[in-house]
Amino acid sequence: MNKEKIAVIGLGYVGLPLARLFATKYNVVGFDINQNRVNELSNGNDSTLEVESSVLKSVLKASNDNEIGLFCSSNIDDIKDCNYYVVTVPTPIDKNNRPDLTPLYKSSETVAKVLKKGDIVIYESTVYPGVTEDECVPVLQQISGLKFNKDFFAGYSPERINPGDKEHTVDKILKVTAGSTPEIGKKVDALYASVITAGTHLAPTIKVAEAAKVIENSQRDINIAFVNELAKIFNLLGIDTHDVLKAAGTKWNFLPFKPGLVGGHCIGVDPYYLAQKAQEVGYHPEIILAGRRVNDSMGQYVASEVIKLMVKNDIRIKNAKILNLGITFKENCPDVRNTKAVDVINQLKSYGTDVTIYDPWANPEGVKHEYSLETVQKLPNKTFDAIVLTVAHNEFLDEDLKALLNPNGVLYDVKSVLDSNSISDRL
């Protein structure tokens, strides 16, 4: 058996699939402060739907023994004898779009309490360059009393999890790795290479790996912002944006991006981390923040377009019945983190409309807690003045949505997945 014992800190969308994968070859403890999460996973159930029950149960252990497999716990004593600590906590932004490193600080404090000589702490959370060594390592040093790169070491391997994607799973996505010394870099790389079938790329430094991750999503954000701006322009010109993109896409090097709402835990967040660091060193990023402004405005834009269509159809706006299809940040996935469907909903409500939110994937309690919004998981048996499809869940594609509309009702397709002949307009 491998002598390595791995603790994965945080069992969410990133941590659980990674812990499950490591547990096929190593002795792994999955640690999470949420006891309810630990309980459900210990019973073989994953409410994020990232790991199938049968797959999870195949690696679960009932006790924290020395055998290969996964033991889930919220007890810090269960990770004391680990020698690799992989931190997979989220890195959100606050209401002012500033990076919130609180989860990283807290998890670093937890690891520091059990850190021993020779241990390696690997961070997977998306951050701006320098966070691992300048923010997390000092916490590890102060609480543990150990010296960095002498007594303990650090690594970085940014997550590339795509929630809901059953094709590009963690083992099938090439992994960037890095270590606080060249020797540790090789160790970190070898650890991941032992389970990642897609291979690894060892970056020369942790800062390089951090920077590589944060620009992956910033690049996508900027490209989507460009087509979102095009959508606004072509709408004013009376041209179908998707027809334009289809025509332009016939060129071999045209990038196939589509307009839409940009939310989630990565693309809608990571550019702010890079922008924050740039401003700290005296540079004001223009393109990055311009892209963020465009994408953050799309919820309001969609709502205003829906209202315009309703006015044109002589629909009274105040108390109008609107059905919003979807509140998760992407299709066929229960993840509601930083979803921009909420922007559409709140903007529609600001006009005095009565919005019903239908999403068979989203947990109503979670949505209520996070956004103070009521949702239903079954399609209401009534008709509406307008229907707005904000998320392309498969369930929505099978419905006869026009049958749910009142006379003169409008159907707006944000995701451009419905038959163009059946809709009133699309983004």
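Helix axes here are lines fitted to C-alpha atoms, over the stretch in contact, and the angle between two of them runs from 0 to 180 degrees between their N-to-C directions. With that in hand, let's walk through this predicted model, starting with a pair of helices.

Find helix 11, residues 298-312, and helix 12, residues 341-350: their axes come within 8 Å and cross at roughly 45 degrees. Angles under 35 degrees count as roughly parallel and those from 65 to 115 as roughly perpendicular, and helix 11 and helix 12 are therefore oblique to each other. The crossing of helix 11 past helix 12 is right-handed. On the helix 11 side, the contact is made by Gly 299, Gln 300, Val 302, Ala 303, Val 306 and Ile 307, while helix 12 brings Asp 343, Val 344, Gln 347 and Leu 348. Sorted by class, this contact has six nonpolar, three polar and one charged residues.

Now let's turn to the open spaces. The second largest pocket has a volume of about 1100 Å³. It is lined by 35 residues, and those closest to its centre are Asn 162, Arg 220, Ile 224, Ile 267 and Lys 330. Helix 7, residues 206-237, gives the most to this lining, with five residues. The lining of the second largest pocket divides into 17 nonpolar, eight polar and ten charged residues.

The model has one cavity of 30 Å³ or more, and the largest cavity holds about 50 Å³. Its lining consists of Val 14, Leu 18, Glu 124, Glu 159, Arg 160, Ile 161, Val 170, Ile 173 and Lys 175. Five residues of that lining are nonpolar and four are charged, with no polar ones.

Methods:
Residues numbered from 1 in each chain as written. Predicted model: local features only at pLDDT ≥ 70, side-chain atom pairs only at ≥ 80, totals over all residues. Heavy atoms only, no water. 1 Å grid on protein atoms, 1.4 Å probe; cavity = no way out; pocket = protein on both sides within 12 Å on 5 of 7 lines; lining within 4 Å. Points joined across faces, edges and corners; volume = space filled by probe spheres on them. Nonpolar A, V, L, I, M, F, W, Y, C, P; charged D, E, K, R; others polar. Helix = DSSP H or I, 4+ residues; strand = E, 2+ residues; numbered from the N terminus. Parallel < 35°, antiparallel > 145°, perpendicular 65-115°, else oblique. Left-handed = near helix turned anticlockwise from the far one by under 90°. Contact = heavy atoms within 4.5 Å.
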